[in-house]
Amino acid sequence: MTAPASAPLAYRVALSDHARSDAQRAAILEGDLGFGRHFTDHMVAIQWDKAQGWHDAQVHAYGPLVLDPAAAVLHYGQEIFEGIKAYRHADGSVWTFRPDANGQRLQRSAARLTLPQLPVAEFTESLRQLIAVDHAWVPSAPESSLYFRPFMIATEAFLGVRPAQAAAYFVIASPAGAYFARGVAPVSIWLSEDYARAAKGGTGAAKCGGNYAASLLPQQEAHAQGCSQVLFLDPVEGRYLEELGGMNVFLVHRDGRIVTPELSGSILEGITRASVLQLARDRGLVVEERKVSIDEWKQGVAAGDITEVFACGTAAVITPIGELKGRDFAVGDIHAPAGEVTMAIRRELTDIQYGRVPDRHGWMARLR
Ligand code: PLP
Ligand code: COI
């Protein structure tokens, strides 16, 4: 379903007639942003069907979608999404981080969910088009950003179970602060012993809504236990770490090794994960992508061999994990300060993203 090479999409831009005033926007941006609660004035919409390919690219007012009640997405969950941020630099310019990597991952997700592949250049262009009209929504407070949520749904009205022949791609954007209520403070994680996030041969490596729907019940269990995220184990043996509901995970050993679960086919291949691996290598740390058993975590932390654990993702950035809890155990100390390696890599990653240090890997792309 790869789209044939074609001319870049031409956008129709219709500005919102009910955009927030400068004062209304400032009140939002200067308040407590949280994550995913506020949305900008506009959105991108691009249509696809089998006959025409990608067409009808628009920037228009943010607002409800009109969908046929038989649209395939509503019945069979044919949906994928991305998460990527825009960062305001000190000179006012607006940048994003590794958009090609997100564009490629959207294509891989599309392949798994039999949705059409948006060309990577069109993915980045869709972010640029939204920033052209909504750049004032990119916050400038420390640690804040504009979180883009690109997503694609099957729109064909047809109840037979087969890949839809019509789809739509959208981008909405949300000014965001820290994902976790306590900012970069260490969080508690709940080990899901009853539920897996993904199956062998399933959709775990794709960023599709169904994976997150499946994570909500264990996530609710985590919250009931006073934890802010849930850790999933491999779906076959229930022994090896996979990832958290919305983040990858790293363990730092006392001898300086930094370890993360290898890509198993059911883990989401995080762009932050890949960047952390690179920054760790740059620091001369030994990095290991391999199977990591839950016993290695429990025993390593208890024995002091594992000195730091952290989660990483676009929304979470890098968040220290203070404690891991399960039905009959708890390891770690939620009150211990965040680890040094965790915070050094976090500082370097965010320094690159906010333009405070040179971008030696060519990761940043200017949007405006
Ligand atoms: N794993 C899951 C399940 C996620 O939802 C995310 C977030 O996007 C990640 C890992 C981290 O991916 P990235 O660093 O590309 O945001
Ligand atoms: C992201 O980090 O972009 C995600 O999609 C994860 C989700 C928990 C918000």
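How much area is buried between domain 1 and domain 2, and what share of it do carbon and sulfur atoms give? In this predicted model, the figure comes out at about 1,800 Å², with carbon and sulfur atoms giving 56% of that area. On the domain 1 side, a trio stands out: Phe 81, Phe 97 and Arg 105 supply 32% of the area that domain 1 buries against domain 2, more than any other three residues.

As for the overall layout, the chain splits into domain 1, running over 11-176, and domain 2, running over 187-353. Their C-alpha centres sit 27 Å apart. Where the two domains meet, 21 residues of domain 1 are in contact with 21 residues of domain 2.

Now for the polar side of things. Between domain 1 and domain 2 there are 11 residue pairs in polar contact, counting pairs with both residues at pLDDT 80 or more. Two salt bridges turn up across the interface as well. Glu 143 and Arg 346 also pair up through their side chains, forming a salt bridge with an N to O distance of 3.0 Å.

Which elements of domain 1 each supply at least two residues of the side that touches domain 2? They are strand S4 (79-81), strand S5 (84-88) and helix H3 (99-112). H3 gives the largest share of that side, with six residues.

Note on methods. Residues are numbered from 1 along each chain as its sequence is written. Chains are lettered from A and ligands numbered from 1 in the order in which they are written. This is a predicted model: local features need pLDDT of at least 70, side-chain atom pairs count only at pLDDT 80 or more; totals for chains, interfaces and linings use all residues. Side-chain values use heavy atoms; hydrogens and water are left out. Domain bounds come from an automatic or database domain assignment. Contact means heavy atoms within 4.5 Å. Buried area is the accessible area (1.4 Å probe) that two parts lose on being put together, summed over both. A salt bridge is a side-chain nitrogen of Lys or Arg within 4 Å of a carboxyl oxygen of Asp or Glu. A polar contact is a pair of N or O atoms within 3.5 Å; within protein, one must be able to donate a hydrogen and the other to accept it, and residues adjacent in sequence count only if both atoms are side-chain atoms. Helices (H or I, at least four residues) and strands (E, at least two) are DSSP runs, numbered from the N terminus.
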